[in-house]
Amino acid sequence: MFFNTLSGRFLGLTILFVVIAEVLIFVPSMARFRGDYLQGRLELAQLAALARLTTPDEQVAPAVQSELLETAGVLNIVLRRDDVRELVLESPRVPRVAESFYLDEADAWMLMRDAMRVFLTDRDRVIRVVGRTRQGAQSEIEVTLHEGPMREAMVAQGRRILYLSLAISLATAALLFLAVQRLIVRPIGQVVAHMTAYRDDPEDSSRIIAPTSSVRELRQAETALQDLELRLTGALRQKERLAGLGAAVAKISHDLRNLLTTAQLMADRIEASGDPGVRRTAPKLVSSLARAINLCERTLAFGRAEELPPVPAVVPLAPLVAEVLANEREAAGGCADFVAEVPDGLAARADPDQLYRVLVNLVRNAAQAIEASGGAGRITVGAREEAGQTVIRVADTGPGLPQKARDNLFQPFRGGVRKGGAGLGLVIAAELVKGHGGALALEETGPRGSVFRVTLPAPGARSPARERERA
């Protein structure tokens, strides 16, 4: 429907408000018209009375009296002088007076009320009107007259006002309608057209709206829409690149898994070596290869959109942290000291392989930060139980994170600090911890180093997966 549109509603409201304004004008106009009509009857009655009083011996033929009264539009005329009422002219038959009105005592509200009552009364009443004339001696005069002719005159005047109001309303509404169409509806329609075109192909940057409106509010809306479309187009392109990268990683993981399987078989043979050093190193090599193969298999599953949720278990933290630090100590090449501060017997409820990956990412990032600073440092992995949860902190004495890295800390390809890094380590760690029902956060950073906090459910807590199964 037309009135469900912005233009239609504006047009309807315009007509409504103009009509309300005309009504507010109509009532006082009718009150004034009625007052002028009655005052005119008083003026004509005074002239008729003067004509009667100036006649010799004040003798006037009945025909002349009837003509004077008819000219004045009244039934009788009474002059009031010094509290004395003098009947000057009178019709042969005067009906009973229905109501009396005193013009000198009536205020604006009374005049408007009496004017509206004339419209609501459809019978020809006989009324008495008392007032002063505005010319001559300005004496008080009283007349009796029929209300019907006055009502007809008021209805005719009301029609004229109605027709004029209708013409003004239509002209005003038409002008406002055209103005709204040009200044508001058309620019909004252009914005909607841009949105529709962008919706059909959001990756096409040429369809992004360019703010052109000179109206401040519309320009703000166009600017906000442009910013939204720019961000969405960038996000879609990034997701497309990530999808391509994921496909490539899945292919690489497939081949890498085969290579690692062969390396694992060779590592199994190394365990049979007679060299004590080789036999001590072989279990760590086998363990690392097993984790690498498991990671490749999970990457392939993820590429098929079949990533399995973590399999939580009670994981003793002391041996797991010791293994992580031992492997990373060898990879760091002596650039940092690695310290474990984990009480014996402390455990967490987590997937062992995924927790290992989380700690490796955090410790390796800390070691790389210290190495990039060019000096020696210290990396401490501590754990304790807080408020029914297991909290692991990885602290380093590196240079701290720059502001850009803090702003994009957990965003892929944007939060990296090391030159050549992809910025995926913290993103992967955060997703893995979140899958356990925990949280990874940057607790503090600065010139004295950075501290990352990993919060995991305590061993007695239920896993999120089991809670969903129960629900």
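Modeller: Let's start with a charge over a ring: the term applies if NZ of Lys or CZ of Arg is within 6 Å of the ring centre and within 35 degrees of the ring normal. In this structure, the charged end of Arg34 sits over the ring of Phe101, 4.7 Å from its centre. Residues are numbered from 1 along each chain as its sequence is written, and side-chain values use heavy atoms, with hydrogens and water left out. The model is predicted: local features need pLDDT of at least 70 and side-chain atom pairs count only at pLDDT 80 or more, while totals for chains, interfaces and linings use all residues.

Biologist: Over which ring does the charged end of Arg41 sit?

Modeller: That ring belongs to Tyr37, and its centre is 4.5 Å away from the charged end of Arg41.

Biologist: How should I read ring against ring, and how many aromatic pairs are there?

Modeller: A pair of aromatic rings is described by the distance of the centres and the angle of the planes. Rings of Phe, Tyr and Trp (its six-membered ring) pair if their centres lie within 6.5 Å; planes under 30 degrees apart are stacked, over 60 edge-to-face, and the rest tilted. The count here is 1 aromatic pair. Phe26 and Phe119 form this pair, which is tilted, with 6.1 Å from centre to centre and 45° between the planes. Phe26 belongs to helix H1 (residues 6-53) and Phe119 to helix H3 (residues 108-120), so the pair ties together parts that are 93 residues apart in sequence. Helices (H or I, at least four residues) and strands (E, at least two) are DSSP runs, numbered from the N terminus.

Biologist: What does the protein chain as a whole come to in helices and strands?

Modeller: It has 11 helices and 12 strands. Of its 471 residues, 35% are buried.

Biologist: Which residues does Ile379 touch?

Modeller: Contact means heavy atoms within 4.5 Å. Leaving out residues up to four places away in sequence, Ile379 touches residues including Phe338, Val339, Val363, Ile370 and Val394.

Biologist: What can I read from H7?

Modeller: The expected span of a helix is 1.5 Å times one less than its number of residues. H7 has 16 residues and reaches 22 Å from its first C-alpha to its last, close to the 22 Å expected. Its buried residues include Leu317, Val324, Asn327 and Glu328. Ala331 is also in H7, but Ala331 is exposed at 62% relative accessibility. After H7 comes Gly334, with a positive phi near 85°.

Biologist: Which residue has a positive phi although it is not a glycine?

Modeller: Most residues other than glycine have a negative phi, and most peptide bonds are trans. Ala387 has a positive phi of about 50°. Ala387 lies in the loop between S9 and S10 and is exposed, with a relative accessible area of 83%.

Biologist: Against which elements do the buried residues of H10 pack?

Modeller: They pack against H8, strand S11 (439-446) and S12; among them are Leu426, Val427 and Leu432. Just after H10, Gly437 takes a positive phi of about 85°. Gly437 lies in the loop between H10 and S11 and is partly exposed at 46%. Thr455, in strand S12, is buried at 13%. Thr455 touches Val433 and Gly438, among others. Gly437 and Thr455 are 18 residues apart in sequence and 8.7 Å apart in space, C-alpha to C-alpha.

Conventions. Buried < 20%, exposed > 50% of the residue type's maximum accessible area, 1.4 Å probe, protein only.
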